[in-house]
Amino acid sequence: MIDPSSVTHSVQLAVAPVFFLTAVAGMISAVAGRLARIIDRARVMEDRVRASTDDEFIQRGLMELNYLRKRGRIANWSIGLLTLCGFLIGLTIVFLFIGQAWVAEQGHHVAVFSFLAGVVSFIAALACFMWETVLATDLLNFNVLEMDRQMRH
């Protein structure tokens, strides 16, 4: 028989990781938004490269498309890691509840492992997110800004 006070305590334990799930959902939304912008930009560049006859523009466009492909892959990895994180945190909640409700020692051990694995997955996803944002600025050509500044003086 399950003790009602034990169930109450289980629910209290399981609610804490839910806040982490909220952060994961927010990150997935942010990265998915960036991925959508990458895809939109790639479609525009593909159309422009196909329509262009300027070899210099075509080369720059192809270089940008390669960057966009790399950024898209990194964003996909980030989303995958965040999804894995969410799954592991969900398992943590389940095992905390099971471990508390049925006083199963194994449930607590698995909960600790799944929570730590979820945190590692979240950290890896953040690293991918940072890598993608750094790549986003690599393609910018600040020489154009310098030319503008020189023309004004």
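**Entry 1**

I started at L82, which is in contact (heavy atoms within 4.5 Å) with V24, M27, I28, V31, F122 and A125, leaving aside neighbours within four places in sequence. The model is predicted: local features need pLDDT of at least 70, side-chain atom pairs count only at pLDDT 80 or more, and totals for chains, interfaces and linings use all residues. Residues are numbered from 1 along each chain as its sequence is written, and side-chain values use heavy atoms, with hydrogens and water left out.

Buried means under 20% relative accessible area, exposed over 50%, and partly exposed in between (1.4 Å probe, protein chains only). This core has 16 residues, of which F20, V24, M27, V31, L82, C85 and F122 touch the most other members. Helices α1 (4-51), α2 (55-101) and α3 (105-138) each supply at least two of its residues. The largest share, seven residues, comes from α2. Apart from this core lies another of seven residues, including I38, A42, M45 and L65. In soluble globular proteins, nonpolar side chains tend to be buried together.

**Entry 1: the chain as a whole**

I counted elements next. The order from the N terminus is α-α-α-α. Of the 153 residues, 31% are buried. Among contacts between residues at least 6 apart in sequence, 76% join residues at least 24 apart.

Which residues does S78 contact, beyond its neighbours within four places in sequence? I found V31, A125, C128 and F129. S78 sits in helix α2 and is buried, at 1% relative accessible area. A polar atom of its side chain lies 3.1 Å from the backbone oxygen of A125.

T92 is also placed in α2. T92 counts as buried at 2% relative accessibility. Leaving aside neighbours within four places, T92 is in contact with P17, A111, S114 and F115. The C-alpha atoms of T92 and S114 are separated by 5.5 Å, though the two are 22 residues apart along the chain.

R71 is buried, with a relative accessible area of 13%. Its side chain makes a polar contact with the side chain of E132 at 2.6 Å. A polar contact is a pair of N or O atoms within 3.5 Å; within protein, one must be able to donate a hydrogen and the other to accept it, and residues adjacent in sequence count only if both atoms are side-chain atoms. R71 touches R34, I38, E132, L135 and A136, not counting residues up to four places away.

**Entry 2: the largest pocket**

R71 came up again here. The largest pocket is lined by 14 residues, of which R41, E64, L68, R71 and A136 lie nearest its centre. A pocket is an open set of points on a 1 Å grid over the protein atoms alone, where a 1.4 Å probe fits, with protein on both sides within 12 Å along at least five of seven lines; lining residues have an atom within 4 Å of a point. About 270 Å³ of space lies in this pocket, the volume being the space filled by probe spheres set on the points, which are joined across faces, edges and corners. α2 gives the most to the lining, with five residues.

Note on methods:
Core = buried A, V, L, I, M, F, W, Y, C linked by side-chain atoms within 4.5 Å. Helix = DSSP H or I, 4+ residues; strand = E, 2+ residues; numbered from the N terminus.
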